[in-house]
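Q: I have this structure open and want to get my bearings. Can we walk through it together?

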Amino acid sequence: MNKDAIIKLVNEQMWPKTDADVPSFKAGDTITVSYRIIEGNKERVQSFRGVVIQIKGSGKTKMFTIRKVSNGVGVERIFPLYSPHIDKIEVNKVGVVRRARIYYLRDLTGKKARIKEKRMTRTEK
């Protein structure tokens, strides 16, 4: 086996997910991530719903940051896109923003923190 074949084999073993398993989303979209948490010998699924404020990295090491406001406190969480602990990613709303990283959302509260929603036509649904 040559070096490229070994690297490909290791990548397939470490990251069983492919691009077909992950929906396409961008900054400004509201998504729900179902994340599997293992505590001792018990396992549960926790969902985290928020706005994608950035996507960084490339290839199998791509990561995304989600922000939500919980009880008046902003909570951000960073997820690896191809993590084996992610059960599913569901896109709830498609937002319209002009930037790839919307850090300005951190300073806004209330109605100012809303993001325009892309209107879906019948053919897109």
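Predicted model: local features only at pLDDT ≥ 70, side-chain atom pairs only at ≥ 80, totals over all residues.

Q: Which residue stands opposite Phe64 of strand 3?
A: Ile55 does.

Q: And what happens in the hairpin of strand 2 and strand 3?
A: Six residues lie between the strands. In that hairpin, Gly57 takes a positive phi near 95 degrees.

Q: What holds strands of a sheet together, in general?
A: Strands pair through backbone hydrogen bonds, and the pairing can be parallel or antiparallel.

Q: Back to this one. How do strand 1 and strand 2 pair?
A: Antiparallel, over 10 bridges. Strand 2 covers residues 42-56. Val33 stands opposite Phe48 in strand 2.

Q: How many residues sit between the strands in that hairpin of strand 1 and strand 2?
A: Two. Gly40 takes a positive phi there, near 70 degrees.

Q: What about strand 3 and strand 4, how many bridges?
A: Eight, again in the antiparallel sense. Phe64 stands opposite Phe79 in strand 4.

Q: So what is the order of the strands in the sheet?
A: It is an open sheet of five strands, in the order 4-3-2-1-5, with antiparallel pairing.

Q: Why is one side of strand 4 and of strand 5 left without a neighbour in the sheet?
A: Strand 4 (73-80) and strand 5 (86-93) stand at the edges, and each has a single partner strand, so one side of each has no neighbour in the sheet.

Q: What does the twist average?
A: From one strand to the next, the twist averages 40 degrees.

Q: New topic. Where is Asp29?
A: Asp29 is in the loop between helix 1 (3-14) and strand 1 (30-39).

Q: Is Asp29 buried or exposed?
A: Buried. The relative accessible area of Asp29 is 3%, and the cut-off for buried is under 20%.

Q: Which residues is Asp29 in contact with, leaving aside neighbours within four places in sequence?
A: Gly50, Val51, Val52, Lys93, Val94 and Gly95.

Q: What lies 3.0 Å from a polar atom of the Asp29 side chain?
A: The backbone nitrogen of Gly95.

Q: Last thing. Where in the protein chain is confidence lowest, and where is it highest?
A: Lowest in helix 1, with a mean of 76, and highest in strand 2, at 95. For the protein chain, the mean pLDDT is 87. Of its residues, 90% reach 70 or more.

Terms used: Residues numbered from 1 in each chain as written. Heavy atoms only, no water. Helix = DSSP H or I, 4+ residues; strand = E, 2+ residues; numbered from the N terminus. Buried < 20%, exposed > 50% of the residue type's maximum accessible area, 1.4 Å probe, protein only. Polar contact = N/O pair within 3.5 Å; in protein donor to acceptor, adjacent residues only side chain to side chain. Contact = heavy atoms within 4.5 Å. Pairing = 2+ DSSP bridges. pLDDT = per-residue confidence, 0-100. Axes fitted to C-alpha atoms, helices over the stretch in contact; angles between N-to-C directions.
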